[in-house]
Amino acid sequence: MAVMDAQNPLLGETTCGTLLQKLQEIWDEVGESDEERDKMLLQIEQECLDVYKRKVEQAAKSRAELLVTLSDAKLELSTLVSALGDKSFLGVTVKASGTIKEQLAAIAPALEQLWKQKEERVKEFSDVQSQIQKICGEITGSANEQAGAPAVDESDLSLKKLNEYQVKLQELQKEKSDRLHKVLEFVGTVHDLCAVLGMDFFSTITEVHPSLDDKTCVQSKSISNDTLLRLAETVSALHEDKKQRLHKLQELATKLTDLWNLMDTPEEERRLFDHVTCNISASVDEVAVPGALALDLIEQAEVEVERLDQLKSSRMKELAFKRQVELEEIFAHAHIEIDPEAAREKIMALIDSGNVEPAELLADMDNQIAKAKEEALSRKEILDRVEKWMSACEEESWLDDYNRDDNRYNASRGAHLNLKRAEKARILVNKIPGMVDTLVAKTRAWEEDRGISFKYDGIPLLAMLDEYAMLRQEREEEKRRLRDQKKFGEQQNTEQEPIFSSRSTPARPASTKKVVGPRTNGTPGRRLSLSASQNGSRSAAKEGKRDSMRLAAPTNFVAISKEDA
């Protein structure tokens, strides 16, 4: 201190030494005693010690605080590195040399960088978690109930954890996209169904969720589980309604068609309901025209069916008689004998009594017509063979008349056509026995199968065939007998010619030929089995008379026809 006190005056600064010297001067002027002076100096030293102690304590406290700060900085650095998962700053914490402030100065930049990185990472986590929370809320339907951003777990801000959140977000975004696509499909289906059913699409879709309106942005539409469920239920209900309406409309269309066919409704009147009948055989998915299944259209069809039903009741007799005529035509074509007058009287009695519903009567007549058609179909093969047999019998009758015509070989107009017809007729006539045998076999099989007799216009067909076969046999025998008589007559004429050859021959007439005109050997009523045979018998009788006349002629007169030649 003496050195300092000696140097300080040269510097001209106020120091402890200069102050002590000044104090000595003051004491000298005052005349303080040595005791007082020692006492005062001791007090000054004590106060200086107290000041030094306080400074040392403050320095120690400051050092402790710096150590704590350094320790906190190291801990925070380690925590940040661990949370961020970034190990590039671990080398800073290893430095233990240098003063505390140097160590703090070395850690501070790393901490500042890590804090900045942490803030950015927390923001990234917050953004991803917010999107996840939003999409989850949209899926569960609780998006409006969520308040504030989600809490970020700052203990793990690693890129791995962030990547996990991002993967989860991508999955949720894909699910949201799929759900949105499904919602839009449902909305489109509801729109199409409402158009076909004639319903208000806006009110129908907003009942499911207000955000499904067309005015709402696509991304703002609800994709919650409840919305999808309600959309599916709505689509299912509309599909069922469409199915029921189509079924009802098809029933009405079928009734309309049946009534139109019953009453021969003109085409112009039918065209008024083309929008009803066009879907008579369509499936549910094929009906897509707007308004095709509207309630007013169905009501319109119901009114028309009711009107036609009333009109049908008033035209009952006309419709019933029309069916009776159809039934009689079927029986006539099938050659089944019925009593049409009795049937018409029965129909009139049923209608006038009112004991039977018009629809039931028509249905019963339709059933009779169906059975008659079935019966006619079962008789068709036999009837076709009967027609061929009758045609062959007609050709046989024509051939008999043709053979009796003495001028059939004359070169007259059409003679060559008759000759060709005769050749074909002879071929056909030779097939008649086979036709009859086949027809008998078919008829017997038919009768055995059904247990009833096959009648042709009220006459048993087998009886007709048996009678025809019997008469044909008699006719063949008669022809044989006539041929034998002709041969006998020719022999007698040949024997008498030498006797009269020496006598003078009398004058012969200009023509000795007997002209036989064509005969009409018809078959009235197509009863060829009887008429043809009878005609054959009559022809045979005439041939017999002709031969007897020839036998009674003069012995010098020869009358031999071309057929006999």
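**Notebook: salt bridges**

I started with Arg481, which counts as partly exposed at 38% relative accessibility (partly exposed falls between buried, under 20% relative accessible area, and exposed, over 50%, with a 1.4 Å probe and protein chains only). This is a predicted model, where local features need pLDDT of at least 70, side-chain atom pairs count only at pLDDT 80 or more, and totals for chains, interfaces and linings use all residues. Residues are numbered from 1 along each chain as its sequence is written, and side-chain values use heavy atoms, with hydrogens and water left out.

Next I looked up the partner: Arg481 forms a salt bridge with Glu478 at 2.2 Å, N to O (a side-chain nitrogen of Lys or Arg within 4 Å of a carboxyl oxygen of Asp or Glu). The two sit three residues apart in helix H16, so about one helical turn separates them (helices are DSSP runs of H or I, at least four residues, numbered from the N terminus). Glu478 is partly exposed too, at 23%.

Then I went to Arg472, whose side chain meets that of Glu396 in a salt bridge at 2.4 Å, N to O. Arg472 lies in helix H16 (residues 461-500) and Glu396 in helix H13 (residues 358-404), so this pair ties together parts 76 residues apart in sequence. Both Arg472 and Glu396 are buried. I also found them in a salt-bridge network with Asp400, Arg475 and Lys479.

My last pair was Glu302 and Lys248, bridged at 2.8 Å, N to O. Glu302 is in helix H10 (residues 295-314) and Lys248 in helix H7 (residues 225-263), 54 residues apart. I noted Glu302 as partly exposed at 29%, and Lys248 as partly exposed at 39%.

For the tally, I have 24 salt bridges in the structure.
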